[in-house]
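These are my notes on a structure I went through entry by entry.

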Amino acid sequence: MFNKENYTKIILGTVQMGLEYGINNKNGKTHFKESQKILKKAYISGINTLDTAEVYGDAHSVIGRFHEKNPSIKFKINTKIPNNTNLNQLEFKIENYLSELRVDHLETIMFHSFDSYVKNEEILTKLISLKNSGIIKNIGVSVYKNMEIENLLIDDSISVVQLPFNLLDNLNLKEGLFKKLREKNKFIHTRSAFLQGLFFKELNDKNKIVQQLKAELGWLKKLLLEYNCSIEQLAISYCFMNKEIDNVILGVDSVYQLSINLLAAKFNITKEILEKIHDIRIKDINLLNPSLWN
């Protein structure tokens, strides 16, 4: 049975609060007042963790101002350091994050890319020291490619792995990796449940990626009709049903959209639907990587 506690599996993404973001974004950056309402609604609904980053515009400030106005509410914060961070900047940056966000520690600090993690051994050493002091609870890495995940399995200092997972970038590509991450006691956070908004595009949209994935996107739309469900229901419940995933990151640009997503998470995705989703196999997996879409 679904209850409020299930929503703790959701981590609220905040990139829209600081930037114009997403392939299907028609409204631009979310207005400050709407962001504050989203944060309040999320917390009341049982969501207790936020995903953010220094490079998400003024998202840190938006969160901090919410905490300042609502002293009885304190979100857990997962944030990311920019790829160009140097060792001399690091401690100052983290102190600044705590000040901006109005928190006394960070739930997770992440390298914003696998390349940044690989190239910054000294920064990782410093983060381990900060973790030991209690300023940071977890150290993580945000990845795009499956082969990057393989490299993180042998590093015990990395406890959180954030990776894309959705109806197209599905268990056909990720199931084995999930099991390996679990065996190494790492937390799995998934993002891109809607493939950065691609799932909402019409099939006749002239966007290059839409056209290259037209057959697969068409298959998803047929499932929506066949099972009388929305793309939100199909996409979110697909992530929720996987017990190996600790948290699912969902970004929204309005309270209304958050409400839709919360309702969608209750959808009962059947074994029959799952089998049809897993019939979808992407030949060119580079099409599933938004960082390559340009």
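**Entry 1. A helix with two aromatic residues.** I looked up Phe114 and Tyr117 and found both in helix H5 (residues 114-119), 3 residues apart, or about one turn of the helix. I note here that the model is a predicted one. I then asked how the planes of Phe114 and Tyr117 are set in their aromatic pair. The pair is tilted, with 45 degrees between the planes and 5.8 Å centre to centre.

Entry 2. Is Phe111 buried or exposed? I recorded 0% relative accessibility for Phe111, which means that this residue counts as buried.

**Entry 3. Rings elsewhere.** My search of the whole structure returned 7 aromatic pairs. I noted a cluster in which ring pairs link Tyr43, Phe66 and Phe75. I next looked up charges over rings. The charged end of Arg65 sits over the ring of Phe32, 3.9 Å from the ring centre. In the case of Lys9, the charged end sits over the ring of Phe240, at 5.9 Å from the centre.

**Entry 4. Cysteines.** How many disulfides does the structure hold? I counted 0 disulfides. To follow this up, I checked Cys229: the closest cysteine sulfur is in Cys239, 14 Å from that of Cys229. A disulfide needs the two sulfur atoms within 2.5 Å, so the 14 Å between Cys229 and Cys239 is too far for a bond. Cys239 is accordingly in no disulfide, the sulfur of Cys229 being the nearest cysteine sulfur. I also looked up the accessibility of these residues. Cys229, at 11% relative accessibility, counts as buried because the cut-off is under 20%. Cys239 has 1% relative accessibility and so counts as buried.

**Entry 5. Strand S8 and its partners.** I turned to strand S8 (residues 247-251), where 4 of the 5 residues are buried, so the strand is largely enclosed by the rest of the structure. Which strands pair with S8? Strand S1 (residues 10-13) pairs with S8 in the parallel sense over 4 bridges.

Entry 6. Rolling a probe the size of a water molecule over the atoms shows where empty space is left. I found 2 cavities of 30 Å³ or more in the structure. The largest cavity holds about 40 Å³ of space. Which residues line the largest cavity? I listed Phe199, Leu217, Leu220, Lys221, Leu224 and Ile231. Helix H10 (residues 214-226) supplies the largest share of this lining, 4 residues.

Note on methods
Residues numbered from 1 in each chain as written. Predicted model: local features only at pLDDT ≥ 70, side-chain atom pairs only at ≥ 80, totals over all residues. Heavy atoms only, no water. Buried < 20%, exposed > 50% of the residue type's maximum accessible area, 1.4 Å probe, protein only. Pairing = 2+ DSSP bridges. Phe/Tyr/Trp six-rings, centres within 6.5 Å; stacked < 30°, edge-to-face > 60°. Lys NZ or Arg CZ within 6 Å of the ring centre and 35° of its normal. 1 Å grid on protein atoms, 1.4 Å probe; cavity = no way out; pocket = protein on both sides within 12 Å on 5 of 7 lines; lining within 4 Å. Points joined across faces, edges and corners; volume = space filled by probe spheres on them.
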